[in-house]
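Please look over the chain below.

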Amino acid sequence: MSVILATAGYDHKIKFWEAPSGICSRTLRYPDSQVNCLEITPDKKFLAAAGNPHVRLFEINSSNHNPLLSCEGHTSSVTGLGFQREGRWMYTSSEDGTLKIWDLRSPGYQRSFKAPNNAPVNSVALHPNQAELVSGDNKGTVRVWDLGSSQCIKELVPDPDIPIRSVSVGEDGRHLVAASQNAEVFVWNLPGRSNSNGYNG
């Protein structure tokens, strides 16, 4: 099966669709909770589904309906996830106020980052340099986390106390974009090698 589209939601189901025909070719049960988001691994072999409070990985081209791996460690809904460029590790954000990094060879997380304001984290993105995570939280703060030092290296607050719903970094690593609950979009120029003090909005 060539997966074109995968969907999920509050009906506790994950569906694979054949885009040309619009036919649902496979349905997986996710009985424990709603599914908040989905992400396919870079090698296109596995699908990660984020629920409350876990992440489960399923084989895409398989008749096996059971997850191959269940990642436990968050204490509330998982709101975002993604993979390192080569699929070596996964990163997640959660309403428990943390970001976590997972080695997919084991069910436990390897690293955890928690903001001092304890705000639920709504979105997370990996910088193309594969060395920084960007998060957006419910108190309106965008943070840049350095994976080498395990420290927050930048805080941006475009509109205090207005939740940030989504964050993204451009493929060339030059711009950081955040969208707020007030339907506003904020764009910053990211620092380059020659401009280490960037983040101009």
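**Confidence**

This is a predicted model. The mean pLDDT of the chain is 92. Of its residues, 94% reach 70 or more. Residues 193-197 are another matter: their pLDDT is below 50. Beyond near neighbours in sequence, this stretch has two contacts in the model.

D137 lies in strand β13, which covers residues 132-137. Is D137 buried or exposed? Its relative accessibility is 3%, so D137 counts as buried, the cut-off being under 20%. Leaving aside residues up to four places away in sequence, D137 touches several others, including N117, A119, P120 and V121. N122, R143, P163 and I164 are also among its contacts. D161 is 24 residues from D137 in sequence, and the two C-alpha atoms are 9.4 Å apart in space.

The side chain of D137 also has backbone partners. One of its polar atoms lies 2.9 Å from the backbone nitrogen of K139. For the backbone nitrogen of G140, the distance to a polar atom of this side chain is 3.2 Å. Side chain to side chain, D137 and R143 are joined by a polar contact of 2.8 Å.

**Salt bridges**

Side chains of opposite charge can pair when their charged atoms come close. How many salt bridges does the structure hold? There are five. Three of them are listed here, among the five.

| Salt bridge | Closest N and O atoms |
|---|---|
| R56 and D32 | 2.4 Å |
| R143 and D137 | 2.8 Å |
| R143 and E155 | 3.1 Å |

Take R56 and D32, which form a salt bridge. R56 sits in strand β6 (residues 55-59), and D32 in the loop between β3 (23-29) and β4 (37-40), so the pair ties together parts that are 24 residues apart in sequence. R56 is buried, with a relative accessible area of 13%. D32 is partly exposed, at 48%.

Now take R143 and E155, which form a salt bridge. This pair links distant parts of the chain: R143 is in strand β14 (residues 142-146) and E155 in strand β15 (residues 151-156), 12 residues apart. E155 is partly exposed, with a relative accessible area of 42%. Which residues do salt bridges with shared partners join into one network? They are D137, R143 and E155.

Key: Residues numbered from 1 in each chain as written. Predicted model: local features only at pLDDT ≥ 70, side-chain atom pairs only at ≥ 80, totals over all residues. Heavy atoms only, no water. pLDDT = per-residue confidence, 0-100. Contact = heavy atoms within 4.5 Å. Helix = DSSP H or I, 4+ residues; strand = E, 2+ residues; numbered from the N terminus. Buried < 20%, exposed > 50% of the residue type's maximum accessible area, 1.4 Å probe, protein only. Polar contact = N/O pair within 3.5 Å; in protein donor to acceptor, adjacent residues only side chain to side chain. Salt bridge = Lys/Arg side-chain N within 4 Å of Asp/Glu carboxyl O.
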